[in-house]
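Visitor: Please show me the model. I would like to go through a few of its residues.

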Amino acid sequence: MINGLKRTGDLEWEVPIGFIEGMRVPGRFFLSENLTATLEEGAVTQLANVATMPGIIRHSLAMPDIHWGYGFPIGGVAAFDYDTGVISPGGVGFDINCGVRLLTTPLTINDITKKKEILDQLYDAVPVGVGARSSLRLSPKQLDEMMIHGSTWAVEEGFGTKEDVAHCEEGGSMKGADPSHVSQKARSRGVPQSGTLGAGNHFLEIQVASEICDPEAAKVFGVEAGQICIMVHCGSRGLGHQVCTDHLQILERAVDKYHISLPDRQLACAPLTSPEGRAYFGGMAASANYAWANRQVITHQIRNVLAKCCGIGYDDIKLVYDVAHNVAKIEEHVVDGKLTKVCVHRKGATRAFGPGCPDVPHDYSKIGQPVIIPGSMGSSSYLLKGTDEAMMRTFGSTCHGAGRILSRSQAKKTIKGSQVRESLGREGIMVKAPHDGAIAEEAPGAYKSSSEVVSVVDRLGISRLVVRFEPLGVIKG
């Protein structure tokens, strides 16, 4: 293990104050013995860097999928006092509201004998790849409505059902969205991309529920063993990326204006209540709503394809839940015994609110919110549930995925996409992608074990296993 770190539990490590100069709170991360070899020193330094930021509360946190990112480590969680703290794009990421949604179908594995045909039609219906363009053409007014109302806008435009909105984090629409803080360049990137998957680690996957770990919770979430499900992973596309880029330039100047001392300029930030901080929050929330609407439009396209190919009804395909894992949100948490208004940054981390929390959908209130953790291509994905333990220890947060161990460029240098495709094919997993390079950079060997990562959060109790899924067909962005 890296020098200077303290082990504080079987699965818990501390980055003590003093690890780097200026830390206001300790860092804390969660890791099993099996994952310690994957820990990057740079990611630990980033965790310590975050601990120097004004207004940070309790700890700078990282989940077991921790790896190096822009500013904050991916897998990072940090809560800042609303009155004295800051907001930072580095704590959200460039793909604002990158997230995951899980759909159930009434189908079993025996009902999808024409898997190649289904995958081909899904591939045609959901544009993929860098700069992928949708057949939708939004007017400026429609784009504004999309950024303000998110999933609700999409459903009102005919891209889903009212029940979908209730099963999205934040109801698929963050308050505080302000399209006036979204530049014309960002708008021009967003107009042609509504309903597109994008590139990188984004995917659309046909899965089968292979193991029910918590029958009671699985029943409440509407998932049964052997059921065919669809998982979608994507975000706010070029619009969100441009919003991040634009506001980073503003916030880099704000660091000097507000005399904020930072160990890394990638942590550029501003006080939450400053004009610059409020502007970023407004643009970020608008991007988050764009992402929820984007996933809603993709859901509509999936429903149409499955209804046509499998002879099932549009409404037979249910949305279990939609979670964001790149976002900053204003929430209330108990700090030093008092309910306190904070801004929680989750950068590659998933909200995991427990039973009874008012933000959990009514029909899931007794169980806790669904937590969706995708695996890497070819490995298991998981449905978990939020817990009271997460509310106490991690500001209601858990991991978001497997976590990379190879960068995309490293993966493409060492792994051949064609070989990955053939290997997965022998396991019965069909893959479609724009090119073999897209498969290589997201190959299973580029990631930690999703099962090990999920095992850590389950053993810690910051979320609990409900269902395991295995991939059958994958569309890579």
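Guide: UniProt positions are given in the numbering used here, feature names are shortened, and annotations may be inferred rather than shown by experiment. This is a predicted model: local features need pLDDT of at least 70, side-chain atom pairs count only at pLDDT 80 or more, and totals for chains, interfaces and linings use all residues. Residues are numbered from 1 along each chain as its sequence is written, and side-chain values use heavy atoms, without hydrogens and water.

Visitor: Which residues does the UniProt annotation "binding site" cover?
Guide: The annotation comes from an unreviewed UniProt entry. Its residues span 108 residues in sequence, yet no two of their C-alpha atoms are more than 10.8 Å apart, so they gather at one spot.

Visitor: Is Asp95 buried or exposed?
Guide: Asp95 sits in the loop between strand E6 (86-87) and strand E7 (99-108); strands are DSSP runs of E, at least two residues, and helices runs of H or I, at least four, numbered from the N terminus. Buried means under 20% relative accessible area, exposed over 50%, partly exposed in between (1.4 Å probe, protein chains only). At 17% relative accessibility, Asp95 is therefore buried.

Visitor: What is the relative accessible area of His202?
Guide: His202 lies in the loop between helix H6 (184-190) and strand E8 (203-212). His202 is buried, with a relative accessible area of 6%.
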